[in-house]
Amino acid sequence: MHLIVCSSRDVASMNIMNNLLTMLDFERGKIGDYEFYYTEDIGIVKIDERLIYADYLDEKLKKLGLEFEEILFASRHSSKDGRNILTVHVSGNVGTADYGGKPYSLAKPSPITMKNYTLALIERIEELPDFEFTLEATHHGPSEIQTPSAFYEIGSTEEAWKNEKAGEIVAESMIEALRDDRRDWIIAVGVGGTHYVPRQTEIMISTKFTFGHNFAKYTFPHLNEEIVEKAVKISDAKFIVIDEKSVTSNVKNLIKNVAEKLNIDVLKSKFVKREFKLKG
C-alpha cells in the first residue's frame, strides 16, 4: 500500500485530502487514534500534528499493524515571497533542525514516485496558469522516517492552500504517480543551486533523471562527506549531479571524495540536460 499522510492543522493538506476522497472509492476506518481511509492500494492517514514534526510516524503506524511501502506527505508550502507554486521535495536537515527532525539527519526519499508525480503534474499545470512547479532542496522535518517518503506541497499563501483546482491537480497527480509503472528512472543526489534548485528542476522535468536528496548552496557551510554519503545510499543514487555554476571548490573536493569512495560518477547539470533528454 502507498500511504498519503494529511494533517488537520494544514489547510492545503485538507484541501488535497478532500479531493482525494472524491476521486477514489475509499473505505473509512481507524488505525489506533488515527482516521484511516483506504482502497486496495492507496491509504490516507489523517493526523492532528504538523507534518514537519511527524518523526517516527512510519514506525508508529507499522506497530499498529498498518503495512505500507512509502509515504506521501500532503502539505502546504510557506514563503515570504508568496509565490503560487506546487513543489515536491524530501525532508531532512543539514546542520541545525529548526523546523522538526534532528540535526544532520535525512529521511529516506522516494525518487521514483517523485519523478512520476512531476511528469503527471506538468501535464496538468496549464490548468493553473498562475502557478508554477519547482523542486525544493532538502529541508525541515521529519528527518526520522525510514520508509521512502517525500512532501507534495501547495504554496505559498492561505489563498493558494485553499485553491480547489490546485488541490484537485495535486491529488490527481499523486494517484497517477502511484499507479504509474515507470520505474527505470536514473536516480541522483543533487548538489548546488538556490532553495528551489532550478537546474535540478529542469532536469526532473526534461530528462530521464530523478532526484532523492538535494543540497542547496546555503547548506555548504554544514555539508560534510558523511551526510552526502548517507544521502547517496538512502536515495539509491547512481550519480551525484552538481549545479556547476554554484558549487565551490571545497564542495567539489568533498563530492569527489564521496564519489570515489562509493564508486559513482559526478555529472554536471548541463551534461545531464544535454545527454539524457526524455523522448517524446
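1. A crossing of two helices counts as right-handed if the near helix is turned clockwise from the far one by less than a right angle. In this predicted model, H7 passes H8 in that right-handed sense.

2. The pair is described further by its axes. Helix H7 spans residues 225-235 and helix H8 residues 249-262; their axes come within 10 Å and cross at roughly 50 degrees. An angle between 35 and 65 degrees is classed as oblique, and H7 and H8 are therefore oblique to each other.

3. On the H7 side, the residues in contact are Glu-225, Val-228, Glu-229, Val-232 and Lys-233. Their counterparts in H8 are Leu-254, Ile-255, Asn-257, Val-258, Lys-261 and Leu-262. By class, the contact of H7 with H8 is made up of six nonpolar, four charged and one polar residue.

4. The strands S12, S11, S13 and S14 form, in that order, an open sheet with parallel pairing. Its edges are strand S12 (209-215) and strand S14 (265-268), each of which pairs on one side only. On average, and with direction ignored, neighbouring strands of the sheet are turned by 35 degrees against each other.

5. Phe-239 has Asp-265 in S14 as its bridge partner.

6. Helix H3 (residues 111-124) packs on this sheet, where H3 touches strand S11 (186-191) and S12. The direction of H3 makes about 115 degrees with that of S12.

Definitions and conventions: Residues are numbered from 1 along each chain as its sequence is written. This is a predicted model: local features need pLDDT of at least 70, side-chain atom pairs count only at pLDDT 80 or more; totals for chains, interfaces and linings use all residues. Side-chain values use heavy atoms; hydrogens and water are left out. Axes are lines fitted to C-alpha atoms, for helices over the stretch in contact, and angles run from 0 to 180 degrees between N-to-C directions. Helices (H or I, at least four residues) and strands (E, at least two) are DSSP runs, numbered from the N terminus. Angles under 35 degrees count as roughly parallel, over 145 as roughly antiparallel, 65 to 115 as roughly perpendicular and the rest as oblique. Contact means heavy atoms within 4.5 Å. Ala, Val, Leu, Ile, Met, Phe, Trp, Tyr, Cys and Pro count as nonpolar, Asp, Glu, Lys and Arg as charged, and the others, Gly among them, as polar. Two strands pair if DSSP finds at least two bridges between them.
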